[in-house]
Amino acid sequence: MGRNRDGARFLMLASTLERMPLGLRPFGPTRSGMKTLLIDAPPRRIVSSTLTLLAGGEGTALSALGYHRVDATQIDVDLPFGFVLDGEHFPPGSYHVRSGTPVSFLRA
């Protein structure tokens, strides 16, 4: 919180999930709360870094290449272009992202 990461991004992922499908760990070690993965644009060594990122690998080398994992309670994002989220198109603008009320799912 209170940590600005200005600049162009290739990719931004955010989630409150504690476990990802297939054991993937793009946000690093398992923990609660909102987690983000930011990849600076243009991405550097993305092919050789992808497996390390998805496996939850950490280190200063990833950060030096422009791969950042940030925990936050809220994120403010200014987007000069529209974006697509879950198949829905959103217009350019300023967006405030925060964790909402937890959702309970029924189990069969």
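Before the first entry, a working rule: I call two residues in contact when they have heavy atoms within 4.5 Å. I also kept in mind that this is a predicted model.

**Entry: S49**

I started in helix α1, residues 46-54, where S49 lies. Which residues does S49 touch, leaving out those up to four places away in sequence? I found R44, L62, L65 and Y67.

**Entry: the nonpolar core**

Next I asked which residues make up the largest nonpolar core. It has 7 residues: F27, L37, I39, L53, L62, L65 and Y67. I noted that L62, L65 and Y67 of this core are also among the residues that S49 touches.

Not counting residues up to four places away in sequence, L53 touches R25, P26, L37, I39, L62, Y67 and R69.

**Entry: aromatic pairs**

I searched the whole structure for aromatic pairs and got 3. One of them is F83 with F90: the ring centres are 5.1 Å apart and the planes meet at 15 degrees, so I logged the pair as stacked. The cut-off behind that call is planes under 30 degrees apart.

F90 also pairs with Y95, and here the geometry is edge-to-face, with 6.4 Å centre to centre and 90 degrees between the planes. I wrote down F83, F90 and Y95 as one aromatic cluster.

F90 is partly exposed at 22%, and Y95 is partly exposed at 23%.

**Entry: P102**

Then I moved to P102, which sits in the segment after β7 (93-98). I read 73% relative accessibility for P102; exposed means over 50%, so P102 counts as exposed. How far apart are P102 and I39? They are 63 residues apart in sequence and 27 Å apart in space, C-alpha to C-alpha.

**Entry: confidence**

The mean pLDDT of the protein is 87, with 95% of its residues at 70 or more. Strand β5 (residues 83-85) has the lowest confidence, at a mean of 85, while strand β6 (residues 88-90) has the highest, at 93.

Definitions and conventions
Residues are numbered from 1 along each chain as its sequence is written. This is a predicted model: local features need pLDDT of at least 70, side-chain atom pairs count only at pLDDT 80 or more; totals for chains, interfaces and linings use all residues. Side-chain values use heavy atoms; hydrogens and water are left out. pLDDT is the predictor's confidence in each residue, from 0 to 100. Helices (H or I, at least four residues) and strands (E, at least two) are DSSP runs, numbered from the N terminus. Buried means under 20% relative accessible area, exposed over 50%, partly exposed in between (1.4 Å probe, protein chains only). A nonpolar core is a set of buried Ala, Val, Leu, Ile, Met, Phe, Trp, Tyr and Cys residues joined through side-chain atoms within 4.5 Å. Rings of Phe, Tyr and Trp (its six-membered ring) pair if their centres lie within 6.5 Å; planes under 30 degrees apart count as stacked, over 60 as edge-to-face and the rest as tilted.
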